[in-house]
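Have the viewer ready and follow along.

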Amino acid sequence: LVMGTYRYLDSTFNPVIEFGDGVVIAQDFYLTCASRVTIGDNTAIAAFVTITDIDHPYTDPDTPIELQPIKVKEVSIGFDCKIYIGANSVVKGQFPDYCVIVGNPARIIKRLNPLTGQWERTDSDGNFI
């Protein structure tokens, strides 16, 4: 879905939103896009989740946040993901496949151990405990 051309302050954006086949989204889902948001096939997104490729920095304390340039970074969510974010979780960055992440900032708490085939607790870097 190409959204057209939009301007924000002195920048021009051409947002693109891509949903794979079989994506399921619950109520009260919010998505903002300035560059590109891609959601892979068979991904389920629970209620009250926000996905955005936009960050409103507040680097200049003398300028209102809405008058400062935004930072934009593409979002890519893989195939067969289940996004059931806990209250006030903030997920930024990249995470490996087969992991459970929670918190603010989000951190890995569990992942599938390929040696045992079991879901096991980890430290915040994803190392098995």
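Two salt bridges are present in this structure, which is a predicted model. As background, side chains of opposite charge can pair when their charged atoms come close. The table sets out both pairs.

| Salt bridge | Closest N to O distance |
|---|---|
| Glutamate 18 with arginine 36 | 2.9 Å |

Take the pair of glutamate 18 and arginine 36, with its N and O atoms 2.9 Å apart. Glutamate 18 sits in strand β3 (residues 16-19) and arginine 36 in strand β6 (residues 36-39), so this contact ties together parts that are 18 residues apart in sequence. Glutamate 18 counts as partly exposed because its relative accessibility is 33%. Arginine 36 is also partly exposed, at 29%.

How far apart in sequence are the parts that aspartate 55 and lysine 92 tie together? Aspartate 55 belongs to strand β9 and lysine 92 to the loop between β12 and β13, so the parts they tie together are 37 residues apart. Aspartate 55 is partly exposed, with a relative accessible area of 33%. Lysine 92, by contrast, has 59% relative accessibility, and because exposed means over 50%, lysine 92 counts as exposed.

Now for the fold as a whole. The chain has zero helices and 15 strands. Its C-alpha trace spans about 55 × 35 × 25 Å along the principal axes, and 23% of its 129 residues count as buried.

Two or more lining residues come from each of β8 (50-52), β9 (54-55), β10 (71-72), β11 (75-77), β12 and β13. Which element gives the most? That is β13, with four residues. Sorted by class, the lining holds 22 nonpolar residues, nine polar and nine charged.

On the surface there is also a nonpolar patch, formed by Tyr98, Val100, Ile109 and Trp119, with about 400 Å² of accessible area together. One of its members, tyrosine 98, lies in the loop between β12 (82-83) and β13 (99-103). Tyrosine 98 counts as exposed because its relative accessibility is 59%.

Finally, some backbone details are worth a look. Most residues other than glycine have a negative phi, and most peptide bonds are trans. Against that background, leucine 9 has a positive phi, near 55 degrees. Leucine 9 is found in the loop between β1 (6-8) and β2 (11-13), and it is partly exposed, with a relative accessible area of 36%. Aspartate 28 likewise has a positive phi near 55 degrees. Its place is the loop between β4 (24-25) and β5 (30-32), and at 35% relative accessibility aspartate 28 counts as partly exposed.

The bond in question runs from asparagine 104 to proline 105, with omega near 0 degrees.

Key:
Residues are numbered from 1 along each chain as its sequence is written. This is a predicted model: local features need pLDDT of at least 70, side-chain atom pairs count only at pLDDT 80 or more; totals for chains, interfaces and linings use all residues. Side-chain values use heavy atoms; hydrogens and water are left out. Patches are made of residues with over 30% relative accessible area and no salt bridge: like charges are joined within 9 Å, nonpolar side chains (Val, Leu, Ile, Met, Phe, Trp, Tyr) within 5 Å. Accessible areas come from the Shrake-Rupley method with a 1.4 Å probe; for residues, only the protein chains shown count as cover. A salt bridge is a side-chain nitrogen of Lys or Arg within 4 Å of a carboxyl oxygen of Asp or Glu. Buried means under 20% relative accessible area, exposed over 50%, partly exposed in between (1.4 Å probe, protein chains only). Ala, Val, Leu, Ile, Met, Phe, Trp, Tyr, Cys and Pro count as nonpolar, Asp, Glu, Lys and Arg as charged, and the others, Gly among them, as polar.
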